[in-house]
Amino acid sequence: MHDLRRQALESGKTVSRKARSKNGSPASSRPNSAPSSRATSRSRAVSRAGSDEEENGNLSDETSFSTNSIDELLNGDASDPITDAWRADLADRIQELIDRKRSSVQGREKCLAIYVRTLTSQYAEEDIRGKESELVPAFLKSIKAETSERETILAMKALAMTVVTSPSDLIYEAVASPLKRVISDSHSIASKAAAVHCLGTCTFFGGASDDEILDNMAYILEIVASDGGFIDAQDEPAPVVAALEEWGALSTLMEDLAVESEEAAEYFVDQLSSSDPAVQIAAGENIALLYEKSYRYLTEDDGPADLGENDIISDPDGIPGVPKLIKNYDPYRRTDILKDTLSDLAKLNTRRISKKEQKSLRTNFADILDSVEYPTHGPRYQNAIDHETGKRYGSRMTVRIHKEGVMRIDRWWKLHRLQALRRVLQSGFVTHYERNPVVFESLP
């Protein structure tokens, strides 16, 4: 992960069973290596002039850390007309944020909203380069003061957009403690959830060490384990969903989760009994990721003496040339019981939730169950035969990049990163994927 960052720099309720009977803390985790790298080239950003609606700060992208659904992830963004009018306005807003003299709450909210909207729709690395050391303290003043819920969340969204646009190894150290204070002490549930998301983003892109990454994974797992009680948000779904999502995103930075997997899986399995579908799905996606990460492809260096009969999985479709998988460790001890639970969720028929939520649960848990049984199968895996190639379609989740480009999401770690980026970038994801090397190299 550090190579990844340096390259960029150089260029409802949720009551679960276990929380009612257990108040323990997850153990701290050990450091591991990280798997990916990021490119560093800079590009000219496509731009869009601000509308009256943007000036008034009434756009959902500004305060949202939600992707709402996988279907939303699969829709590409429209192209914007080219103009440089936004650059001068952004420069003014940056100066206004840094000065803060005689500013009102409403004025800061408006300024932050326009800053977020601009960085969302444009790749503005050149415009904010060198100003991070002044912008971050300005955001932290709004975050620490919590004068209004909207200003606080806007400041956290501005911080997240800044670190994704212009990563710095110095940001995490400066923001971790203030964000954790909001998570623990804020009276606003929405602010707590936003702070969890912001902490995850700053941990991912802001210079956290491997030890700090694992410490934060343990910290936010505590939120999951306690159904929010750890941060004085008992049975509130939003912070629990945020914690589940950010744990999944951060875990993609770790090559090996052998030490962390069993305990985390227990808490995630417990959350499958939540009354909130968003909690259930986020927990299920983390379970699928844990199983995916617990296997690797069998190589010639793996001697037969080191292998057990149950440690090797062959391709269930019998496709010629597909290598076998070998289990590195048990992600969860009771896989047999887990499969039954996932199967029940994949066939759920209840009136307590909407038809849309029920369909989402069924679709997602059919995928999750398939991946637990066969870890090579990623999201939206299909066994149907492509008559042109004679092979199975496999994972058919794709993200369309404008009209020609297609990104294939065939692994759970890719889905977790895609969702994490979309939570921050919202409708600006495609613009950043095309022009922001940090985003592009996060999804190779």
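Mentor: Let us start with one cut-off: a residue is called buried when its relative accessible area is under 20%, exposed when it is over 50%, and partly exposed in between. Keep in mind throughout that this is a predicted model. At 12% relative accessibility, Tyr 433 therefore counts as buried, whereas Phe 440, at 38%, is partly exposed.

Trainee: How are the rings of Tyr 433 and Phe 440 arranged as an aromatic pair?

Mentor: Two aromatic rings are judged by the distance between their centres and the angle between their planes. The rings of Tyr 433 and Phe 440 form a tilted pair, with 5.2 Å from centre to centre and 45° between the planes. Ring pairs also bring in Phe 429, so that Phe 429, Tyr 433 and Phe 440 are linked into a cluster.

Trainee: Where does a nonpolar core come in, and which residues touch the most other members of the largest one?

Mentor: In soluble globular proteins, nonpolar side chains tend to be buried together. Here the largest nonpolar core has 112 residues, and those touching the most other members are Tyr 115, Leu 159, Phe 268 and Phe 429. Helix H8, residues 149–165, gives the most to this core, with 10 residues. If we set aside neighbours within four places in sequence, the contacts of Tyr 115 include Leu 90, Ile 94, Phe 139 and Ala 158.

Trainee: How should I read a helix, taking H11 as the case, and how many of its residues are buried?

Mentor: An α-helix has 3.6 residues a turn, so residues three or four places apart point the same way. Helix H11 covers residues 210–225 and reaches 22 Å from its first C-alpha to its last, close to the 22 Å expected at 1.5 Å a residue. Of its 16 residues, 13 are buried, so H11 is largely enclosed by the rest of the structure. The charged end of Lys 180 sits over the ring of Tyr 219, 4.8 Å from the ring centre, and Tyr 219 lies in H11. Just after the helix, Asp 227 takes a positive phi of about 55°.

Trainee: And what is the order of the strands in the open sheet?

Mentor: Strands of a sheet pair through backbone hydrogen bonds, either parallel or antiparallel. This open sheet has three strands in the order E1-E3-E2, with antiparallel pairing. Strands E1 and E2 stand at the edges, each with a single partner strand, so one side of each is left without a neighbour in the sheet. E1 and E3 pair over three bridges, and the bridge partner of Arg 296 in E3 is Ile 326.

Methods
Residues are numbered from 1 along each chain as its sequence is written. This is a predicted model: local features need pLDDT of at least 70, side-chain atom pairs count only at pLDDT 80 or more; totals for chains, interfaces and linings use all residues. Side-chain values use heavy atoms; hydrogens and water are left out. Two strands pair if DSSP finds at least two bridges between them. Helices (H or I, at least four residues) and strands (E, at least two) are DSSP runs, numbered from the N terminus. The expected span of a helix is 1.5 Å times one less than its number of residues. Buried means under 20% relative accessible area, exposed over 50%, partly exposed in between (1.4 Å probe, protein chains only). A nonpolar core is a set of buried Ala, Val, Leu, Ile, Met, Phe, Trp, Tyr and Cys residues joined through side-chain atoms within 4.5 Å. Contact means heavy atoms within 4.5 Å. Rings of Phe, Tyr and Trp (its six-membered ring) pair if their centres lie within 6.5 Å; planes under 30 degrees apart count as stacked, over 60 as edge-to-face and the rest as tilted. A charge sits over a ring if NZ of Lys or CZ of Arg is within 6 Å of the ring centre and within 35 degrees of the ring normal.
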